[in-house]
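Please read it with the sequence and the structure at hand.

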Amino acid sequence: MKIGFIGLGNMGGPMAANLAKAGHEVTGFDMADVTIDGVTMADTGAAAATGADVVITMLPNGQILRAVANEIIPVMSEGAAFVDCSTVDVDSARAVAEQATAAGLLPVDAPVSGGVGGAAGGTLTFMAGGSKDAFAKADPLFDIMGQKAVHCGDAGAGQAAKICNNMILGVTMIATCEAFALADKLGLDRQSMFDVVSTSSGYSWTMNAYCPAPGVGPQSPADNDYKPGFASELMLKDLRLSQQAAESADADTPMGQAAAALYEQFVENENGLGTDFSAMLPRFEKRSRG
């Protein structure tokens, strides 16, 4: 396929490189001056999108997505797929999908899970929203960039799945860190804590696969001085998106709201910026109940 790829940062760059490595003709654009193996760079987003069978975007937020959509939709070929892999608000995803559909395009909102390592290794998971025809056109590319793609429903469903998943992730990481900090103060050995919880009803991904306690469980950012696998500020972004969606849908999400407030305090007032989101554990270790 002829592919336009807009947004070649830490995630988009490796994704575009994997598509080029698989033999696709990839033309890219980014505001920064970047070079990606196998990718021909264009001077504008519109130039990257012109004549493409599929245009993929990986952008920071919904406002930028809307601006890029306004630029590229008028130059895209009828029947082309517009695949947005950014994590943005559901309302922006649906608005852009409506705009693309009106122009005769096949829109897919397909945020990803798996981080920079997954982007480089081609092991991402895609959560996709859009029509069956749109998903079918994008699916072969998902197979190259990732290991799994789930068609979640109509436009916006991919973003909805991503933010619901990450709201659970943020809440369970806080609970896991709180529990380890409590166990410490009760004199419970961390390895014993892990051995019990990881095989009983407290089992969770944050405990079993991404344990926030150094030296316990599988290797995780906690074993690398909490250098980010998934940065705290990115978790804050996703939790804020979850609360924006909850407000729009009139949904009661008190735990999600509390998690968003805690990560906001951690990132903006407690030196959490630039740390892994599991660095909540050393935060709780230093705090008393008051």
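## Residues in loops

Leaving aside residues up to four places away in sequence, S204 touches T176 and A209. The model is a predicted one. S204 sits in the loop that runs between α8 (190–197) and α9. Its relative accessibility is 14%, so S204 counts as buried, the cut-off being under 20%.

Y226 is not a glycine, yet its phi is positive, at about 60 degrees. Y226 belongs to the loop between α9 and α10 and is buried, with a relative accessible area of 11%. N271, also not a glycine, has a positive phi of about 60 degrees. The loop that holds N271 lies between α11 and α12. N271 has a relative accessible area of 72% and is therefore exposed, as the cut-off for that is over 50%.

## Helix α1

Helix α1 covers residues 12–21 and is mostly covered, with eight of its ten residues buried. The buried residues of α1 are G12, G13, M15, A16, A17, N18, L19 and A20. Just after α1 comes G23, which has a positive phi of about 105 degrees.

## The packing of α3 and α4

Two packed helices are described by the angle between their axes and the distance between the axes. For α3 and α4 the angle is about 10 degrees, and the axes are 9 Å apart. The two helices are therefore roughly parallel to each other, a term used for angles under 35 degrees.

On the α3 side, the contact is made by G62, L65, R66, A69 and N70. On the α4 side, D91, S92, A95, V96 and Q99 take part. Sorted by class, the contact of α3 with α4 has four nonpolar, four polar and two charged residues. An α-helix has 3.6 residues a turn, so residues three or four places apart point the same way.

## Cavities

Rolling a probe the size of a water molecule over the atoms shows where empty space is left. Two cavities of 30 Å³ or more are counted in this model. The largest cavity has a volume of about 70 Å³. Its lining consists of L65, F82, D84, A93, V96, A97, P107, V108 and D109. Two or more lining residues come from each of β5 (81–84), α4 (90–102) and β6 (106–109). By class, seven lining residues of the largest cavity are nonpolar, none is polar and two are charged. L65 and V96 are among the residues of this lining, and both also take part in the contact between α3 and α4.

The second largest cavity has a volume of about 40 Å³. D89, V90, D91, L241, Q244, A245 and S248 line the second largest cavity. The elements giving two or more residues to this lining are α4 and α10 (232–249). Of these, α10 gives the most, with four residues. The lining of the second largest cavity divides into three nonpolar, two polar and two charged residues.

The largest pocket has a volume of about 1400 Å³. It is lined by 47 residues, and the closest to its centre are M11, G115, K162, F230 and L234. Two or more residues of the lining come from each of α3 (62–72), β7 (112–113), α5 (115–121), α7 (157–185), α9 (205–208) and α10. Which element gives the most to the lining of the largest pocket? The answer is α7, with six residues. By class, the lining of the largest pocket has 24 nonpolar, 18 polar and five charged residues.

The second largest pocket holds about 310 Å³ of space. Its lining is made up of E178, A181, L182, K185, L262, Q265, R283, F284, R287, S288 and R289.

Technical notes:
Residues are numbered from 1 along each chain as its sequence is written. This is a predicted model: local features need pLDDT of at least 70, side-chain atom pairs count only at pLDDT 80 or more; totals for chains, interfaces and linings use all residues. Side-chain values use heavy atoms; hydrogens and water are left out. On a 1 Å grid over the protein atoms alone, a cavity is a set of points where a 1.4 Å probe fits but cannot get out, and a pocket is an open set with protein on both sides within 12 Å along at least five of seven lines; lining residues have an atom within 4 Å of a point. Grid points are joined across faces, edges and corners, and a volume is the space filled by probe spheres set on the points. Ala, Val, Leu, Ile, Met, Phe, Trp, Tyr, Cys and Pro count as nonpolar, Asp, Glu, Lys and Arg as charged, and the others, Gly among them, as polar. Buried means under 20% relative accessible area, exposed over 50%, partly exposed in between (1.4 Å probe, protein chains only). Axes are lines fitted to C-alpha atoms, for helices over the stretch in contact, and angles run from 0 to 180 degrees between N-to-C directions. Angles under 35 degrees count as roughly parallel, over 145 as roughly antiparallel, 65 to 115 as roughly perpendicular and the rest as oblique. Contact means heavy atoms within 4.5 Å.
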